[in-house]
Amino acid sequence: MNPTHEVFNQPTPLVDYNLFDTHRPLRDALKFNAPTLQTTQLHELGATLGSAAMQTHARLANIHTPELHTHDRFGRRIDEVEFHPSYHALMTAAVGAGLHGTPWTGTSASPHVLRAAGFMLFTELEPSILCPISMTYAVTPALRGNPGVHADWGPKLASLWYDPALKPLNDKPGVTMGMGMTEKQGGSDVRANTTQAVRDGSDAWGERYAITGHKWFFSAPMCDAFLILAQAPAGLSCFFLPRVLPDGTRNAIHIQRLKDKLGNKANASSEVEFHGASAWLVGEEGRGIPQILEMGTMTRLDCSLGTSGLMRQALGIALNHTAQRQAFGKPLVEQPLMKNVLADLALESEAATALAIRLARAFDRQADAHENLMARLLTPVAKFWICKRGSHFAQEAMECLGGNGYVEEGGEGIVARIYREMPLNSIWEGAGNIMALDLLRGLRRGDAVAALAHELAPARGQQPALDRLADALPARIEAMASETEARRLAQDVALAVQAALLVQTAPAAVADAFCASRLGGDWGQAFGTLGTGTDFDSIIQRAQPR
């Protein structure tokens, strides 16, 4: 056949680059929050995650989605989910990087900040497989409520070895864990759970129960064990539920089906039933709610980190595309309107990174009263605001690529995958209203006004718009009696803390533009509406992924 045209003016993919070395906002956030942190591990991880080989694994894991096998060829019940080999390659990398249970046994002075940075970088590659990683991180400290289980499982939850096989604990070098909380009739209202726990004796792992009931969202069902909620005689309680029992038999966990989700395709989310499954009490009977709230705090941190990572990846692809794509006589990145959009996205991405890493710092310093209270306040605030901004951000980044961004093929097709992924972090572990209500509860613990004043103090006197917002917050917090305005308060606390962080960590061009737009009102209703006085070139240059 005769050639019909020459292919040109198509950007080369963003591949084989170091995700950490090129992420200036992340590096500056780490210097601010953990100045003595050794980042060699992050440099090595960044090189691995930016490679063509790992990008191929991410693509394949999303194309060849998990398959459920309830029975084997002979009719025996097995309840196994089969994954593509690329899924296991990604899991091996995430576990090997210590993104799961290792912060609880780590020797770093800032293990949660180190792990947060790695988690954010990995999200740029592939977020779906991080579901079991995040849940393992969250449940590991909760197991201290059962000394027998913690003694046996704790070391292997921190192991850097990934073994996907369903085998007894003693036959595995490392394990992962999940959570099972919500049911059809309740969702976030776990007090409505009907799953029953009946005492069934005791052994080396403490009080044993038989569990009968269901879970409507049971993600990563091939994890080695789960923490679940069930109604015990004293009320809603937390239980440790292994997939394989100590004697080597499969526990009575029946997977009904896998969820067909908008995004998060590489991860298996399931519906399950328990038919007298064996489980062991963790903590006290009737204390399930406080325990699940503690675990939820950890996974909510990961929602903020994950969305921040997705923002960074979408921005990087948009910058890579517009730097190469010619339109109307010059590269897109040099077109005034495109500059405005890209700079606006860069501000949003940097602010999200700054807030998420600041929150991780609070987890490293829980013995400090101020940090403890800031963790309580900033966890729902960060999850609410960062995750709420994610979908709009991804849509705008996709538009920078035009039709190429809407096509799920090739390097730029990652943006379509990111767009489908974005709503999940906003919904998972409590949607926006739950986060706003959680902020109101946090405001009743300790002196929240003084804590926020202390947090914002280092940035006062440099940005008039920030000063005005900081001055108004105390009265609003003290007068907060209605749930109706809780979302607006969560938004404004997030913006105030983000602005204060950028004033302290980012170049003046970034801090000035963020405060003028987000706090000063020099901004429209969509990305790309920054004021004409913005230093667009400096902001864009700082965000470049190469």
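Predicted model: local features only at pLDDT ≥ 70, side-chain atom pairs only at ≥ 80, totals over all residues.
1. On the helix 2 side the contact involves Gln41, Leu42, Leu45 and Leu49, which meet Leu114, Ala117, Gly118, Leu121, Phe122 and Leu125 of helix 5. Sorted by class, this contact has 8 nonpolar and 2 polar residues, with no charged residues.

2. Helix 5 covers residues 111-125, and its 15 residues reach 22 Å from the first C-alpha to the last, which is close to the 21 Å expected at 1.5 Å a residue. How many of the residues of helix 5 are buried? The count is 15 of 15, and the helix is accordingly described as mostly covered.

3. Pro111 lies in helix 5 and is buried, its relative accessible area of 15% being under the 20% cut-off. Once its neighbours within four places in sequence are left aside, Pro111 is in contact with Pro103 and Asp364. A further relation across the chain is the one to Leu37, which stands 74 residues away along the chain while the two C-alpha atoms are separated by 9.0 Å.

4. His112, likewise a residue of helix 5, counts as buried because its relative accessibility is 5%, under the limit of 20%. Apart from neighbours within four places in sequence, the contacts of His112 are Pro103, Trp104, Tyr137, Ala360, Phe363 and Asp364.

5. The buried residues in helix 4 include Ser86, Tyr87, Leu90, Met91, Ala94 and Val95. The buried residues of this helix pack against helix 3 (52-63), helix 5 and helix 6 (130-139). Just after helix 4, Gly98 takes a positive phi of about 75°.

6. Turning to the other helix pair, which arrangement do helix 10 and helix 14 adopt? The axes of helix 10 (residues 369-400) and helix 14 (residues 448-456) come within 10 Å and cross at roughly 100°, and that angle makes helix 10 roughly perpendicular to helix 14 because it lies in the range of 65 to 115 degrees. The residues that meet are His370, Leu373, Met374 and Leu377 in helix 10, and Ala448, Ala451, Leu452, His454 and Glu455 in helix 14. By class, this contact has 6 nonpolar, 2 polar and 1 charged residues.

7. The largest nonpolar core has 184 residues, of which Trp153, Ile211, Leu227, Phe239, Phe240 and Met295 touch the most other members. The largest share of this core, 16 residues, comes from helix 9 (residues 336-364). Met295 can be followed in detail: leaving aside neighbours within four places in sequence, this residue is in contact with Ala138, Val139, Ala142, Met179, Met181, Leu227 and Cys238.

8. Val341 is placed in helix 9 and is buried, with a relative accessible area of 12% that is under the 20% cut-off. Leaving aside neighbours within four places in sequence, Val341 is in contact with Glu396, Cys400, Phe527 and Gly528. Phe536 lies 195 residues from Val341 along the chain, and the C-alpha atoms of these two residues are separated by 9.5 Å.

Note on methods. Residues numbered from 1 in each chain as written. Heavy atoms only, no water. Helix = DSSP H or I, 4+ residues; strand = E, 2+ residues; numbered from the N terminus. Buried < 20%, exposed > 50% of the residue type's maximum accessible area, 1.4 Å probe, protein only. Contact = heavy atoms within 4.5 Å. Core = buried A, V, L, I, M, F, W, Y, C linked by side-chain atoms within 4.5 Å. Axes fitted to C-alpha atoms, helices over the stretch in contact; angles between N-to-C directions. Parallel < 35°, antiparallel > 145°, perpendicular 65-115°, else oblique. Nonpolar A, V, L, I, M, F, W, Y, C, P; charged D, E, K, R; others polar. Expected span 1.5 Å × (residues − 1).
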